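Subject: Structure for you to look at

Hello,

Please find the structure below. My notes on what was found in it follow.

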Amino acid sequence: MATTPEEVWSLLRELTQSQQETDRRMKDTDHQIRELGKQIGGLGEKFGSSTEGLALPSMENILRTRFGMEVVSPSVRVTKDGRHLEIDVLSYANGPINAAYVVEVKSHAREESIAQMKALLTRFRQFFPEHGDKRLYGILAAVDLSAELRERALREGFYVARIHDQVFELDVPADFQPIAY
């Protein structure tokens, strides 16, 4: 134990230097954690984009052949009055078909995916008044989707598409009746 004032001051200086070094290391660690978070977020976005890219050819085929859609647009982003809406795939047809389909693509569908789909469909006409007279349907396309979540999506009136042999296919019962929003 320090007994002289010089020894006490020496110990205080060492303690102060040690605390400053600890503070510097904590700041470095915080910076590294923030950078790692950004990198992980970027990977998530890339994975989501690759899933959307994987789904597009299959979904375009389904939308054109099964539903008679004339226009299929991937990655539609709209800003109106400071509000934003992003749709993975938007498809529509005029004339006798007069319908629009909003496709939400998920690598791993979760409970909030259904709420997100409902919100997209509910807000759709605010952003696209030119499609106000069309019947509007939702399709939840997912690589990973539990049986329970599939059933819930179907009960909500959404089509469900799942991947099979690297191709998305509709996964709905023969008697499925979608709900038009």
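L12 is partly exposed, with a relative accessible area of 40%; partly exposed lies between buried, under 20% relative accessible area, and exposed, over 50% (1.4 Å probe, protein chains only). This is a predicted model, in which local features need pLDDT of at least 70 and side-chain atom pairs count only at pLDDT 80 or more, while totals for chains, interfaces and linings use all residues. Residues are numbered from 1 along each chain as its sequence is written, and side-chain values use heavy atoms, with hydrogens and water left out.

L12 lies in helix α1, residues 5-65. Helices (H or I, at least four residues) and strands (E, at least two) are DSSP runs, numbered from the N terminus.

The sheet

The sheet is open and has 6 strands in the order β1-β2-β3-β4-β5-β6, with mixed pairing. Its edge strands, β1 (71-80) and β6 (167-170), each pair on one side only. Two strands pair if DSSP finds at least two bridges between them. Strands β3 (99-108) and β4 (135-144) run parallel and are joined by 9 bridges. V102 has G138 in β4 as its bridge partner.

Helix α2 lies across β1, β2, β3 and β4, and runs at about 85° to β2. Such angles run from 0 to 180 degrees between N-to-C directions, the axes being lines fitted to C-alpha atoms, for helices over the stretch in contact. S113 belongs to α2 (residues 111-127) and is buried at 4% relative accessible area. Leaving out residues up to four places away in sequence, S113 touches K106 and L140; contact means heavy atoms within 4.5 Å.

Salt bridges

The whole structure holds 10 salt bridges, each a side-chain nitrogen of Lys or Arg within 4 Å of a carboxyl oxygen of Asp or Glu. Three of them are described here.

- E21 and R24 have their closest N and O atoms 2.6 Å apart. They are 3 residues apart in helix α1, which means about one helical turn lies between them.
- E156 and K118 meet at 3.1 Å, N to O. E156 is in the loop between α3 and β5 and K118 is in α2, so the pair ties together parts 38 residues apart in sequence. E156 is buried, at 17%, whereas K118 is partly exposed, at 31%.
- R150 and D171 have their closest N and O atoms 2.9 Å apart. This pair links helix α3 with the segment after β6, 21 residues apart.

Salt bridges with shared partners also join E111, K118, R152 and E156 into one network.

Regards
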